[in-house]
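I opened a new structure today and kept notes as I went. Here is what I looked up, step by step.

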Amino acid sequence: MRRHRYTRRLSFYRCYSTTPVSLADLVHVICTRWKIEEDFQGAKGLTGLDQGQVTCWTSWMRWSLISLIAAAVLAVTRARTTTPAAGITLVPASPPMAR
C-alpha cells in the first residue's frame with residue numbers, strides 16, 4: 001500500500017512470485033514502478049501526447065507516433081548528456097546512430 005504524496009489517495013499492490021521474495025525486494029520493485037509511471041506522465045506532458053484532439057484512427061496514430069518519438073529523443077539526449085551514477089557505464093553510440 002502507498003499513499004500519493006499530493007492527493008493522499010491510497011494505492012494497493014498485489015504481488016505474486018513463484019519463489020519466496022523478501023519484503024525489501026518487493027518494496028524496491030514497487031518504488032521502481034512508481035518512478036517509471038511518473039516519468040511516463042512527464043513525457044506525456046513534455047511531448048504533447050495528452051494534447052492531441054483527433055477524430056479518426058489514422059490521425060491519432062500519427063500524433064501518438066510523433067509524440068513517442070519525441071519522448072525517446074528526449075530520453076536519449078538526457079542519458080547522453082548527464083553524468084552516469086557510480087558503477088553504471090553508458091554505451092557509446094554506434095556510427096550509424098550518431099548521424
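This is a predicted model: local features need pLDDT of at least 70, side-chain atom pairs count only at pLDDT 80 or more; totals for chains, interfaces and linings use all residues.

**Entry: overall layout.** I counted three helices and two strands. Along the sequence, I read the pattern β-β-α-α-α. I then looked up how much of the protein is buried. Buried residues make up 7% of the 99 residues. The exposed surface comes to about 9000 Å², and carbon and sulfur atoms supply 63% of it. I checked contacts with a separation of 6 or more as well. Residues 24 or more positions apart account for 18% of them.

**Entry: helix α1.** I looked at α1, residues 23–47. It has 25 residues and reaches 36 Å from its first C-alpha to its last, close to the 36 Å expected at 1.5 Å a residue. Its buried residues are Ile30, Trp34 and Thr47. Just after α1, I found Gly48 with a positive phi of about 80°.

**Entry: helix α2.** I moved on to α2, residues 57–81. Its 25 residues should span 36 Å at 1.5 Å a residue, and I found its end C-alpha atoms 36 Å apart, which agrees. Which residues of α2 are buried? I listed Ser64, Ser67 and Ala71. I then asked what the buried residues of α2 pack against. They pack against α1.

**Entry: the aromatic pair.** I searched for aromatic pairs and found one. The rings of Trp57 and Trp60 have their centres 5.2 Å apart and their planes at 35°, so I logged the pair as tilted. Trp57 and Trp60 are three residues apart in α2, which means about one helical turn separates them.

**Entry: the nonpolar patch.** I looked for nonpolar surface next. Val54, Trp57, Trp60, Met61 and Trp63 make a patch of about 530 Å². I looked up how open some of its members are. Trp57 is exposed, with a relative accessible area of 61%. Trp60 is partly exposed, at 41%. Met61, also in α2, has 38% relative accessibility and counts as partly exposed.

How values were computed: Residues are numbered from 1 along each chain as its sequence is written. Side-chain values use heavy atoms; hydrogens and water are left out. Patches are made of residues with over 30% relative accessible area and no salt bridge: like charges are joined within 9 Å, nonpolar side chains (Val, Leu, Ile, Met, Phe, Trp, Tyr) within 5 Å. Accessible areas come from the Shrake-Rupley method with a 1.4 Å probe; for residues, only the protein chains shown count as cover. A salt bridge is a side-chain nitrogen of Lys or Arg within 4 Å of a carboxyl oxygen of Asp or Glu. Helices (H or I, at least four residues) and strands (E, at least two) are DSSP runs, numbered from the N terminus. Buried means under 20% relative accessible area, exposed over 50%, partly exposed in between (1.4 Å probe, protein chains only). The expected span of a helix is 1.5 Å times one less than its number of residues. Contact means heavy atoms within 4.5 Å. Rings of Phe, Tyr and Trp (its six-membered ring) pair if their centres lie within 6.5 Å; planes under 30 degrees apart count as stacked, over 60 as edge-to-face and the rest as tilted.
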